[in-house]
Amino acid sequence: MASVVLSFTRSFDDTWIDMRLIYSCMLHPKLIAISNHIVFVNPKAPLYPRLALGKSGDIMTVTWTSGYNIDEAVPFVEWGWKGHMQQRSPAGTLTFHRNSMCGSLARTVGWRDPGLIHTSFLKDLWPNMVYTYKLGHILSNGSIVWSKQYSFKSPTFPGQVSLQRVVIFGDMGKQERDGSNEYANYQPDSLMTTDTLIEDLDNIDIVFLIGDLPYANGYVLQ
């Protein structure tokens, strides 16, 4: 009797988030196949910038996450009018630890190191101007690790007559774009909210998220 060897290939789309450390989400994984070795180019790279208006309309707060502590790199933001000379503003560095959490699950199986959280204040903004900015970290050898470039438009002068297109919402929820089965995979409408905002972004001046994004379920990954 002749033996027959069957072979096949399969591909799928998946989303990988840079958490800077090795981690596993399954207690009893089942080996199906082994891929090529997958790594991030720089697991410590500056990522996920978040913007918030400062105490006055001429200040923009920029917050981001990286794996660089202050003893190995100096964080800053390079910014300025779009297409013009850029300047640099320093950033402070904070984080939180396992014992900062209220208790289990957040202190046990749900704990993940959040990395380092950096905050910089871009001051003396001119009203109604488009600014570009990049996140940077100066290493001890003088080289700089850069993020990609982002942009925002500063607010109009207080009291100025103008049309402001504002979106306000809360309790957005969370869902995985790639359809993976996560610990709290139960809020698919959050993707509809995100997609609608992106599609209409050119017609929106500012977005206020006034309430919860995901919900506290004990897993810092959320």
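**Exercise 1.** Work out where Ser89 is found and whether it is buried or exposed.

*Solution.* Start with the element: Ser89 is found in strand 4 (residues 87–94), strands being DSSP runs of E with at least two residues, numbered from the N terminus. Keep in mind that this is a predicted model, where local features need pLDDT of at least 70, side-chain atom pairs count only at pLDDT 80 or more, and totals for chains, interfaces and linings use all residues. Residues are numbered from 1 along each chain as its sequence is written, and side-chain values use heavy atoms, leaving out hydrogens and water.

Next, check the accessible area: at 9% relative accessible area, Ser89 is buried (buried is under 20%, exposed over 50%, partly exposed in between, with a 1.4 Å probe and protein chains only).

**Exercise 2.** Find which side chain makes a polar contact with the side chain of Ser89.

*Solution.* Look at Trp79: its side chain pairs with that of Ser89 at 2.8 Å. A polar contact is a pair of N or O atoms within 3.5 Å; within protein, one must be able to donate a hydrogen and the other to accept it, and residues adjacent in sequence count only if both atoms are side-chain atoms.

**Exercise 3.** Pick out the buried residues of helix 1 and say which side they are on.

*Solution.* First, helix 1 (a DSSP run of H or I, at least four residues) spans residues 189–199, and Ser190, Leu191 and Leu197 are buried there. They sit on the same side of helix 1 because they cover an arc of only 130° around the axis, taken from the directions from the helix axis to the C-beta atoms. Now turn to the face away from that buried side: Asp189, Met192 and Glu199 are exposed there.
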